Amino acid sequence: MDKYFYALTVIGRDKVGIVASIAEVLYEKGISIEDSVSTLLGDQFTMTLIVSSEKNYGVLELKKAFAKARRDLELSVSLRRIEKEEAKTKEPENLYSVSVYGEDRVGIVYFVSKAFAENSINILDLRTRLTKSETPMYVMIMEVDLPQDMSEDEFKKILDDACKKINVDYSVRKIETYEL
Amino acid sequence: MAVRDIVIYPDRRLKEICAEIKGIDDYTLSVARDLLDTLHNYSHTVGIAAPQIGELVRIIVIDASKNKKGQKINHGELVMINPEILEWSSIIKTREGCLSVPDYTGNVNRARKVTVKYYDLDGNEHRFDTEGFEAVVLQHEIDHLDGILFIDRIISRRTDLFRRKNY
């Protein structure tokens, strides 16, 4: 049976019941959550989901289904159609976990991500946080996928050059999956 | 003597607490034999617990030497009856997958060092210390005997970066 896929994002001031209100709409429409992540950023709760349906809903029709949740919980909801192939994650080849941190300044995410982009290093996950300490510290934790032919030393050199430019510390750990 | 099918979640047998082996009888020997045959059948698998072949008894087989991460510290191929972790220390984060939970991996905290006790197929008691990969394999397989999957040990990722509580 053919399935139809949509990308859905939700964001709004945090309160109890946001997930339930969104999940209720999906459930009532017979829509499955294929992949998702939801988290609290500051005091904004955000949900990013890939959902699928056996029924081919129009985007507007589906958006309308969220009207009540949007109004009651003051949420921004956006929705678009995606292709079936976009719903599946490609198998990563060469996974590393990267921590970048230092005194807060403008451009930490930019310089690091630019160096990665220029070297075909793909960011699969990225979390950042600014601490509230006297000297605010910026912390950036990433999961990246290196091109298959890139060695760990080459990768470290790229990161080292970028981090020296902006005077931040970094560390790198290979992510190994134990198949047990 | 047979390679057995791996029990796949949501089969409830993976959530049962397995029975202690009271004596080494023909049944115990045949489960051990099948576990080894099944272990040998998968080139990348370093451990199988009895419930993973549908036998709800406390037997595991491991062979950390099959993986390059286990090359430095390992005790080779072992059949372990009533295995038990006596002591542990220090924590490492691992990313684990499992034959019984296809297509899913997750970050799990494990003890880096463990002391384990078990009985062999002649009923002799053994104990040894190990660390790193082999220690993780042992914890993963012994968890199976208590109906615990690695998914039960995953900690929400957000806690990694959570704000420290104000004192």
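**Close-up views of a two-chain predicted model**

**View 1. Helix 4 meets helix 5 in chain A.** Helix 4 (residues 108–118) and helix 5 (residues 152–166) of chain A have axes that come within 9 Å and cross at roughly 155°. This is a predicted model, in which local features need pLDDT of at least 70, side-chain atom pairs count only at pLDDT 80 or more, and totals for chains, interfaces and linings use all residues. Residues are numbered from 1 along each chain as its sequence is written, with chains lettered from A and ligands numbered from 1 in the order in which they are written. Helices (H or I, at least four residues) and strands (E, at least two) are DSSP runs, numbered from the N terminus. Axes are lines fitted to C-alpha atoms, for helices over the stretch in contact, with angles from 0 to 180 degrees between N-to-C directions. Helix 4 of chain A and helix 5 of chain A are therefore roughly antiparallel (over 145 degrees).

**View 2. Chain B touches chain A.** Here the contact (C-beta atoms, placed from the backbone, within 7 Å) takes 17 residues from chain B and 11 residues from chain A. On the side of chain B that touches chain A, strand 3 (77–98) and helix 2 (133–145) of chain B each supply at least two residues. Strand 3 of chain B gives the largest share, five residues.

View 3. Look for A:Tyr178, which stands opposite B:Glu96 in strand 3 of chain B.

Definitions and conventions:
Two residues are in contact if their C-beta atoms, placed from the backbone, lie within 7 Å. Two strands pair if DSSP finds at least two bridges between them. Angles under 35 degrees count as roughly parallel, over 145 as roughly antiparallel, 65 to 115 as roughly perpendicular and the rest as oblique.
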